[in-house]
Amino acid sequence: MSEPVLVLASASKTRAGLLRAAGVDIHVDPAHVDEDAVKTALRAQGLSPRDQADALAELKALKIGARHPGLVLGCDQILACDGRAFDKAETRSQARANLQMLRGRRHELHSAAVLARNGAPVWRHIATARLTMRAFSDGFLDAYLDDVGDAALSCVGGYQLEGLGAQLFSSVQGDYFAILGLPLLELLDVLREQGALTA
């Protein structure tokens, strides 16, 4: 049995699905890190949301890279609005409060990816998308949360652009794949450069 082209250090079904749909043979080995503690430390150091996403992606790639000699991909996303970084909601009420704060405003979504080989970073990319939520009603918000259920807790911002979350927005600027959690085209380029995919 041949070795996979890439080890994905993420439990994200969306990222795994994007890679498999693009024809990349992957092995999923999630990096279980205490993200809250790491984010608290990074924020105490004064790192920007963009740099926080990059640092977390690298941490995940290196943690899993310590036990896989080949290519390992770590990823992270940080959402920022008016200088405040948002984390995944833990409850429906927290997701509702976050969406109320984002409603009618523009936010930035920083999607970082770090590729490691033999336990050392060989490539990194950070894509920033700018998304503007429309001024939806409280009634729409409650119906949206009813419809998406626990999916609102699985992604930063409480939305999945590929689903009902599209109805939350009036404007989206940025790479679609990166918004879903993975700068796919740039990653495919570097996988070809690394000899993992046919050029």
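Analyst: Arg 124 counts as partly exposed, at 37% relative accessibility. The term covers values between buried (under 20% relative accessible area) and exposed (over 50%), computed with a 1.4 Å probe on protein chains only. This is a predicted model, in which local features need pLDDT of at least 70, side-chain atom pairs count only at pLDDT 80 or more, and totals for chains, interfaces and linings use all residues. Residues are numbered from 1 along each chain as its sequence is written, and side-chain values use heavy atoms, with hydrogens and water left out.

User: What makes the contact of Glu 58 and Arg 124 a salt bridge?

Analyst: A salt bridge requires a side-chain nitrogen of Lys or Arg within 4 Å of a carboxyl oxygen of Asp or Glu. For Glu 58 and Arg 124 the N to O distance is 2.4 Å, so the pair qualifies. Glu 58 lies in helix H3 and Arg 124 in strand E6, so the pair ties together parts that are 66 residues apart in sequence. Helices (H or I, at least four residues) and strands (E, at least two) are DSSP runs, numbered from the N terminus.

User: Why is Lys 39 called buried?

Analyst: Lys 39 has a relative accessible area of 7%, which falls under the cut-off, so the label is buried.

User: Which salt bridge does Lys 39 form with Asp 87, and at what distance?

Analyst: Their side chains meet at 3.0 Å, N to O. Asp 87 is partly exposed, with a relative accessible area of 24%.
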